[in-house]
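Work through the exercises below with the sequence and the model side by side. Try each task before reading its solution.

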Amino acid sequence: VVCFVLMSKFKTTDCSRTHQHTKYYGSLLGSSDDLQTSASSCSLSDCSLPKSVREALGQVHPEVTKKFFGCGLPFPAKLEGCRVLDLGSGSGRDSFAYSKLVGASGHVMGIDMTEELVNASRQYVEYHQKKFGYKEPNVSFVQGYMEKLSEAGIQTDSIDVVSNCVICLCPDKRAVLQQAYNALKEGGELYFSDMYASKVIPDHMKQDPVLWGEGMGGSLFWEDLISLAHSVGFSTPYLVTASRIVVYNKELIEKAGGISYASCTYRLFKLPKRPFMSEATVSYKGTLADFPGQLDFDSSHSFKKDVALKVSGEMAAILQSSRLCQDFEIQISDNTTSDLTEFLPQLCRLNPFLLADKQGSSVAHCSKTS
């Protein structure tokens, strides 16, 4: 089940909308027990997390976990030594878990617009440094907006993994993707969960403060993510998993006007600016500790150890240029092309609502207004 966070991940530079959200979520700053506006969160025992992630989350200070507003799964494989940027770091739970996963040679930066949450997170940096046995802290927190990462001191081409943002609560979604793209190194990855709509959201829904606060007014039409990602420079969005969001609140159902919602996890990559080969044959070496026999990259690509699999040129480029390059044998085709049209049906047009139905996956939308 893919779960997502609304409060602590919210970022916007729109002053009026910032005021609305501060008032809307003002009562949620106590603990995660107060959170009512989200897809229902999942407990760690219910989530299919790798052993290393479960152990890292289990070592986070209880007070940090208590103040974490929701539940997410923003942990892709192979993070040792990486520089990670946690967008909307909130209480710092994921940032501290990342600090364990990246090791002493890696670094994690959490960014959040809420001064109180940033200050609260900083209080636990030394605790986790000692908990993990590091000589120096490998995690830091800054106050800022995900639409303006450069203003918060995030340098261009400096990050390996950007994770854990909820773009549905940002008015300028292109700015968020562009800033993430700029911050990433070549071969870097944006790995995130978000709320998506089955149709384009009409303007009157975007202006409704309740619908916006619930994530329903600002959700992106799922097909638009594809063109938006490509326009910024990212690879095709690769859909990892999806769950339908079941709305029970009658008022919200009526306001939604037949639009359905899904919670989805995607991964996007910043690839080298050169033409892709037409196709390639790859085989997974089984070198990742958490995935010795099989690595599930996304909902369409499952790599079994030592089993050759033909992939698109774009997927080959991802495996070749990303942090996974040492974990695959790649045989490249002699033909090159920058045209991905032939791969769009299987890679771009996979409907998350159909995937959710196929997996039988759904989460409840627990409304603050109910």
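**Exercise 1. A residue in a loop**

Solution. Helices (H or I, at least four residues) and strands (E, at least two) are DSSP runs, numbered from the N terminus. Most residues other than glycine have a negative phi. Step three: Lys78 is partly exposed, at a relative accessible area of 30%. Buried means under 20% relative accessible area, exposed over 50%, and partly exposed in between (1.4 Å probe, protein chains only).

Before going on, note the ground rules. This is a predicted model, in which local features need pLDDT of at least 70 and side-chain atom pairs count only at pLDDT 80 or more, while totals for chains, interfaces and linings use all residues. Residues are numbered from 1 along each chain as its sequence is written, and side-chain values use heavy atoms, with hydrogens and water left out.

**Exercise 2. Another positive phi**

Find the loop that holds Asp306 and decide whether this residue is buried or exposed.

Solution. Step one: look between strand S13 (302-304) and strand S14 (309-312); Asp306 is in that loop. Step two: phi of Asp306 is positive, about 60°, although the residue is not a glycine. Step three: relative accessibility is 56%, so Asp306 counts as exposed.

**Exercise 3. Helix H4**

How many residues of helix H4 (residues 93-102) are buried?

Solution. Step one: count them. Nine of the 10 residues are buried, so the helix is mostly covered. Step two: name them. They are Arg93, Asp94, Ser95, Phe96, Ala97, Tyr98, Ser99, Leu101 and Val102. Step three: take Asp94, a member of H4. Its relative accessible area is 1%, so Asp94 is buried. Asp94 and Val60 are 34 residues apart along the chain, yet their C-alpha atoms are separated by 8.7 Å. Step four: check what comes after the helix. Gly103 follows H4, with a positive phi near 80°.

**Exercise 4. Two packed helices**

Describe how helix H7 (residues 173-183) and helix H10 (residues 222-232) pack.

Solution. Step one: two packed helices are described by the angle between their axes and the distance between the axes. Here the angle is about 45° and the axes are 9 Å apart. Axes are lines fitted to C-alpha atoms, for helices over the stretch in contact, and angles run from 0 to 180 degrees between N-to-C directions. Step two: H7 and H10 are therefore oblique to each other. Angles under 35 degrees count as roughly parallel, over 145 as roughly antiparallel, 65 to 115 as roughly perpendicular, and the rest as oblique. Step three: list the contact (heavy atoms within 4.5 Å). H7 supplies Lys173, Arg174, Leu177, Gln178 and Tyr181; H10 supplies Leu225, Leu228, Ala229, Ser231 and Val232.

**Exercise 5. What covers H10**

Which residues of H10 are buried, and what covers them?

Solution. Step one: the buried residues are Trp222, Leu225, Ile226, Leu228, Ala229 and Val232. Step two: their cover includes H7, strand S6 (184-197), strand S7 (220-221), strand S9 (261-269) and helix H14 (352-359). Step three: Gly233 follows H10, and its phi is positive, near 125°.
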